Amino acid sequence: PVQKLLDRGINVALGTDGAASNNRLNMLGELQTASLIGKSQHGDPKAVDAWTALEMATLHGASALGLEKQLGSIEMGKAADLIALDLSGLQHLPRHNLASSLVYASSGNEVQWSWVAGKPLMRAGKLQTLDYTDLTARAGRWSEQLGAFRTTLES
């Protein structure tokens, strides 16, 4: 009952730690799911609104980790962990509510830039610190190993 917890002043954070909890590694998808489930749970379209979902993923997440003085908001002295999205697609029109557009109309493909601690990891949609070809090959090897392991379980 996320909205009830929030209404009682309980910090509710939103995050993902990798493929084990989110196969697409898409935090924007988690924002949407959390907001829609919150509305469904409470039978109220205003429950867990888009701004609340964004706060759960940023400010509340930092607070849950005890790191609210280091991250979670854009402020002088805090870690510059940021993304920039291209919101020029039709699904983001009309631009009347930025939070709503981010939470309900974004797929994750809009992320064009990403910085962690101020270091660019993605620039104009291109990975900066990881080699795509190497990642694809490593993922293929893991797939083969997992397939072989699965075969041993089925025997």
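Reader: What stands opposite tryptophan 115 in β3?

Author: Proline 120 does. This is a predicted model, where local features need pLDDT of at least 70, side-chain atom pairs count only at pLDDT 80 or more, and totals for chains, interfaces and linings use all residues. Residues are numbered from 1 along each chain as its sequence is written, and side-chain values use heavy atoms, leaving out hydrogens and water.

Reader: OK, how many bridges join β2 to β3?

Author: There are 3, between β2 (residues 111–116) and β3 (residues 119–123), and the two strands run antiparallel. Strands here are DSSP runs of E with at least two residues, helices are runs of H or I with at least four, and both are numbered from the N terminus. Two strands pair if DSSP finds at least two bridges between them. Valine 116 also has a bridge partner in β3, lysine 119.

Reader: And the turn there, which residue has the positive phi?

Author: Alanine 117, near 50°, in a hairpin with 2 residues between the strands. The hairpin of β3 and β4 also has 2 residues between its strands, and there alanine 124 takes a positive phi near 50°.

Reader: What does β4 do with β3?

Author: β4 (residues 126–127) pairs with β3 in the antiparallel sense over 2 bridges.

Reader: Pick alanine 84 in β1. What does it touch?

Author: Alanine 84 touches Glu110, Val111, Gln112, Trp113 and Trp115, skipping residues up to four places away in sequence; contact means heavy atoms within 4.5 Å. Alanine 84 is partly exposed because its relative accessible area is 25%, and the cut-offs are under 20% for buried, over 50% for exposed, and partly exposed in between (1.4 Å probe, protein chains only).

Reader: What about α6, how far apart are its end C-alpha atoms?

Author: They are 33 Å apart, which agrees with the 33 Å that its 23 residues (132–154) should span at 1.5 Å a residue. That expected span is 1.5 Å times one less than the number of residues.

Reader: Which residue caps its N-terminal end?

Author: Aspartate 131, with a side-chain oxygen 3.1 Å from the backbone nitrogen of threonine 133.

Conventions. A polar contact is a pair of N or O atoms within 3.5 Å; within protein, one must be able to donate a hydrogen and the other to accept it, and residues adjacent in sequence count only if both atoms are side-chain atoms.
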